[in-house]
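Please look over the chain shown below before reading on. The briefing that follows takes up a few local features, grouped by topic.

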Amino acid sequence: MTERIDVVVIGGGGAGLAAAVSAAERGASVLLFESERELGGSTQLSAGMLTAAGTSVQAELGITDSAEKFFQHYQDLNQWQLKPGLVRTFCEQAGPAVEWLIGLGVEIPARVSHDAHTPGLTRAGVEDVWRGHVPKDQGYGVVQVLAGASRKSGVDIVPNTRVERLLVDDGRVTGVVADGIEVHAGAVVVASGGFAREPSLLERYYPSAVAAGGDLFVVAAEGSRGDHFGFGAQVGAAIAGEGWGLLLPTAYFQRLHHWQSGFPPVSRVLVNRHGRRFMDEDASYAVSSGIIDAQPGPVWMVFDERARTGLPGGYAHWNAEHVLAEAEAGRTLRADTPEELAGKMGVPAAGLRATLDRWNAGLPAGGEDAEFLRHRSLSAKGITRPPEPIGQAPFYAARTVPAELVCTHAGLEIDAGAAVLDERGNRVPGLYAAGEAGAGVLGNRYVGGGNAVANAVTFGRIAGHAAAAG
């Protein structure tokens with residue numbers, strides 16, 4: 001191809017589509033390569049939630065919030081290990097990115113939502129102000145709106161084509177090679193996703209996922225193969241976010257997104273090797289995996305027969321029949337008494353009995369969870385009825401571990417303008433990155449539901465504007 005394109009975008013997920021549309025809005029000619037047969041990437045597989053502050057959705061619900069408050073919370077949760085300038089830009093621009101999506105046609109109604117799947121505003125993590133913006137039709141809806149906008153704005157989309165390498169001339173990125181064809185461009189945006197599907201890269205950049213062993217399952221898109229590392233190596237790009245990612249805690253038998261696998265019973269407790277409860281079972285995954293990892297020995301989810309039989313149908317794993325089958329196979333532990341169950345779990349019988357007695361005397365009795373404040377989490381989820389006691393034999397214990405790999409955080413280090421930085425901290429001319437491929441915003445603590453999608457759209461938009469400006 002001899003014609004010069006203004007902007008080439010690598011990847012057609014949330015970040016790539018946001019970059020393409022934004023660049024086209026600035027008058028640039030845009031060519032987007034997507035390695036898979038269809039657009040969407042991991043964004044399309046997600047709930048599509050976006051965490052943002054100071055939005056019209058919040059304002060219509062009477063919620064006062066600001067980018068400054070968001071920034072302080074974000075940095076505190078990540079122990080200030082992230083570059084303040086980069087994170088501040090994200091916190092300032094995530095709200096405008098949400099407004100931009102709404103303007104394009106993404107529907108986020110101004111109403112309270114008690115989960116990640118009902119459109120509206122929900123609690124995204126452990127923040128004191130609700131910031132989770134849930135769109136209609138989930139991640140699929142976000143992708144469809146962005147894909148439609150890209151086509152309307154003249155973006156040329158080439159699916160099923162994996163970019164092989166960058167073109168580099170005297171240190172400046174000048175295009176890409178795809179299917180053996182050189183495509184020359186004024187700037188390139190790398191938005192190829194993460195590396196959750198590439199075991200060798202997981203071993204190198206996110207060993208915690210490998211440590212999950214046979215329990216590990218991946219819900220990221222098939223195209224999450226870490227292509228950004230190869231592109232970065234061509235130009236001596238710096239890598240940020242090593243060792244960070246998002247592993248959700250799950251029962252060992254879950255193998256799909258939770259909206260496909262289903263949800264554990266409300267009446268459950270998590271206990272450590274001492275048979276003691278140690279956390280709010282409904283704590284946000286912003287912190288829950290870290291709490292579980294800090295426990296001695298294996299962690300067990302304990303529930304009873306009433307909880308099992310009360311599970312709703314229609315889910316692949318958390319349904320009464322599947323749990324029973326796991327118990328019959330001996331993989332989920334089952335016993336007629338808590339003491340017998342404790343023996344199978346290898347925890348002190350007195351400890352487990354005391355834990356269940358305290359549970360039954362607390363929330364199920366209509367009171368509060370004085371130790372872990374779980375009543376607050378249940379209320380945020382719209383659950384107002386007290387949970388049932390755990391007392392109907394047989395009793396069950398399912399091993400619980402951070403094992404659902406959602407996204408990876410290591411990638412090409414970027415600055416607040418989405419420009420890729422080299423190992424000396426200088427910009428690589430002509431090269432930008434966003435989403436999981438552009439690292440530095442997603443930290444050692446995932447701030448909450450919508451962190452990754454908001455990062456993808458926000459920095460995709462910033463990258464598109466910057467690339468179009470040349």
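In which strand is Glu413 found? Glu413 is found in strand β17, which covers residues 411–413; helices (H or I, at least four residues) and strands (E, at least two) are DSSP runs, numbered from the N terminus. This is a predicted model, in which local features need pLDDT of at least 70 and side-chain atom pairs count only at pLDDT 80 or more, while totals for chains, interfaces and linings use all residues. Residues are numbered from 1 along each chain as its sequence is written, and side-chain values use heavy atoms, with hydrogens and water left out.

**The annotated domain**

- An unreviewed UniProt entry places the feature "domain: FAD-dependent oxidoreductase 2 FAD-binding" at residues 6–453; UniProt positions are given in the numbering used here, feature names are shortened, and annotations may be inferred rather than shown by experiment.

**Surroundings of Glu413**

- With a relative accessible area of 16%, Glu413 is buried (buried means under 20% relative accessible area, exposed over 50%, and partly exposed in between, with a 1.4 Å probe and protein chains only).
- Leaving aside neighbours within four places in sequence, Glu413 is in contact with Lys83, Ala238, Ile239, Ala240, Ala419, Val420, Leu421 and Ala439, where contact means heavy atoms within 4.5 Å.
- Glu413 and Val112 are 301 residues apart in sequence, and their C-alpha atoms are 36 Å apart in space.

**Two helix pairs**

- Two packed helices are described by the angle between their axes and the distance between the axes.
- Helix α14 (residues 338–345) packs with helix α15 (residues 349–361) at an angle of about 125 degrees, their axes being 8 Å apart; axes are lines fitted to C-alpha atoms, for helices over the stretch in contact, and angles run from 0 to 180 degrees between N-to-C directions.
- That angle makes α14 oblique to α15 (angles under 35 degrees count as roughly parallel, over 145 as roughly antiparallel, 65 to 115 as roughly perpendicular and the rest as oblique).
- On the α14 side Pro338, Glu339, Leu341, Ala342 and Met345 meet Ala349, Leu352, Arg353 and Leu356 of α15.
- The residues of this contact of α14 with α15 divide into seven nonpolar, no polar and two charged, where Ala, Val, Leu, Ile, Met, Phe, Trp, Tyr, Cys and Pro count as nonpolar, Asp, Glu, Lys and Arg as charged, and the others, Gly among them, as polar.
- Helix α4 (residues 67–77) and helix α5 (residues 84–104) pack at an angle of about 135 degrees, with their axes 9 Å apart, and α4 and α5 are therefore oblique to each other.
- In the contact of α4 with α5, the residues divide into nine nonpolar, one polar and three charged.

**Backbone features in loops**

- Most residues other than glycine have a negative phi, and most peptide bonds are trans.
- A cis peptide bond, with omega about -5 degrees, joins Ala393 and Pro394, and Pro394 is found in the loop between α16 (374–380) and β16 (395–408).
- Asp137, in the loop between β5 (132–134) and α6 (138–152), has a positive phi near 65 degrees and is partly exposed, with a relative accessible area of 47%.
- Asp170, in the loop between β7 (163–169) and β8 (172–178), has a positive phi near 55 degrees and counts as exposed at 79% relative accessibility.
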